[in-house]
Amino acid sequence: MAKKTVLVTGATGLLGRQVVRAFSYYAADSDEWIVKGTGFSRTATTAAAADGKPVQEIIKLDLADAGQVEALLDREKPRVVVHFPSAVPLAWLTVQLGAANRFPDKVDKDPEGTKALNVEASGRLARLCAQRGILLIYISTDYVFSGKPGEAPYEADAETGPTNLYGQTKLDGEKAVLGEFEAGGKRGFGVVLRVPILFGSAERTDESAVNVLLESVRKAAEGGNKIKMDHWALRYPTNTEDVGRVCHDVAVHYLFALDAGKQAELPKMLQFSSEDKYTKYEICRLFAEILGLPIDGIEANTEGNDPNASVQRPYDCHLSTRALKEVGIDVSTQDFEGWWRRELRAFRK
């Protein structure tokens, strides 16, 4: 069997590392894949396979530079590109008074930069992939939906209605990507995979809006002012290892169908999510119980959105996984509590 190259953008990030590991795991088992990763600000690091051994040095790539992108595609000749544009610089995911500020708050402070990355660069990458017959998996978000009470779960073809700029730019990115493949006569070669809030093995807790809540719990246990934590919006935290596996399975299924000339049978919109449901406060309460720390310093905030706030968060954007099931992709996920109990044992004091 001829080897196929997969190119993972953002391979040094929380999700990108796990996508690289997933493909590398199957490469070691079947010798089917050549795995390449790209990054920009953290290219000195290496991506690691499932056994922890480095796969390769990360290729430095500026996605805003069309010449660089085109040269890389022509040199590596991938059959698949998995694209996860970071919405904002990693440093913007900060901790203030122990509470995590997620992407939407920071995106509003750099709307043009966000659009350039999520929309323009993604559309340009899609056009180059369409011209070369490369399958592109574009990772998007549940925030493309309004999340109004009573609407979830959302099917892949449900009406969208983002409530903030982050969700809007990701939705615009979806349209740009799929539009380029349609314009290039390459239907089926571009697919969107929406995912919710993610957690998993991290180099730093602030890589994830879930992992970073550990710092909230630890800070609250030190005493001082109480920390208010959202106990209104519903989240479905999904492990990056599971998303990595799904990306691999989608790539295999779609390449098989494309090689068989069955493009018309391939849905262009897929969604993946855990069924585990929590508020941020409930996650903090679980972390405190696992770590053996008091939760008294964290106050549940049930007020919901401030109608005067510039950034409005959805209440419930739960994603239906029906489309994935219909193409035969396993949608099982790791248990949230079980994963964290295993992960945090070494950090107990």
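1. Helices H4 and H5 cross in a right-handed sense. A crossing is right-handed if the near helix is turned clockwise from the far one by less than a right angle, and left-handed if anticlockwise. Helices here are DSSP runs of H or I with at least four residues, strands are runs of E with at least two, and both are numbered from the N terminus. The model is predicted, so local features need pLDDT of at least 70 and side-chain atom pairs count only at pLDDT 80 or more, while totals for chains, interfaces and linings use all residues. Residues are numbered from 1 along each chain as its sequence is written, and side-chain values use heavy atoms, with hydrogens and water left out.

2. Two packed helices are described by the angle between their axes and the distance between the axes. For H4 (residues 111-132) and H5, the angle is about 15° and the axes are 8 Å apart. H4 is therefore roughly parallel to H5. Angles under 35 degrees count as roughly parallel, over 145 as roughly antiparallel, 65 to 115 as roughly perpendicular and the rest as oblique. The axes are lines fitted to C-alpha atoms, for helices over the stretch in contact, and angles run from 0 to 180 degrees between N-to-C directions.

3. Which residues of H4 and H5 meet? On the H4 side they include Pro 111, Lys 115, Ser 122, Arg 127 and Ala 130, and on the H5 side Leu 165, Asp 172, Ala 176 and Phe 181. Contact means heavy atoms within 4.5 Å. The contact of H4 with H5 has 9 nonpolar, 6 polar and 5 charged residues. In this scheme Ala, Val, Leu, Ile, Met, Phe, Trp, Tyr, Cys and Pro count as nonpolar, Asp, Glu, Lys and Arg as charged, and the others, Gly among them, as polar.

4. Helix H8 (residues 280-291) and helix H10 (residues 336-344) have axes that come within 10 Å and cross at roughly 40°. H8 and H10 are therefore oblique to each other. H8 passes H10 in a right-handed crossing. Ile 283, Leu 286 and Phe 287 are among the H8 residues in the contact, and Phe 336, Trp 340 and Leu 344 are among those of H10. The residues of this contact divide into 8 nonpolar, no polar and 3 charged.

5. Most residues other than glycine have a negative phi, and most peptide bonds are trans. Lys 77 has a positive phi, near 50°. Lys 77 sits in the loop between helix H2 (66-76) and strand S6 (80-83), and its relative accessibility of 60% makes it exposed. Exposed means over 50% relative accessible area, buried under 20% and partly exposed in between (1.4 Å probe, protein chains only). A cis peptide bond joins Ala 152 and Pro 153, with omega about 5°. Pro 153 lies in the loop between strand S9 (135-141) and helix H5 (165-183).

6. How many disulfides does a search of the whole structure find? The search finds 0, a disulfide being a pair of cysteine sulfur atoms within 2.5 Å. Cys 247 is buried at 0% relative accessible area, and Cys 317 is buried at 5%.

7. The protein has 10 helices and 15 strands. Of its 349 residues, 53% are buried. Among contacts between residues at least 6 apart in sequence, 77% join residues at least 24 apart. Val 252 and Val 80 are 172 residues apart in sequence and 9.5 Å apart in space, C-alpha to C-alpha. Val 252 belongs to helix H7 (residues 240-259) and is partly exposed, at 34%.
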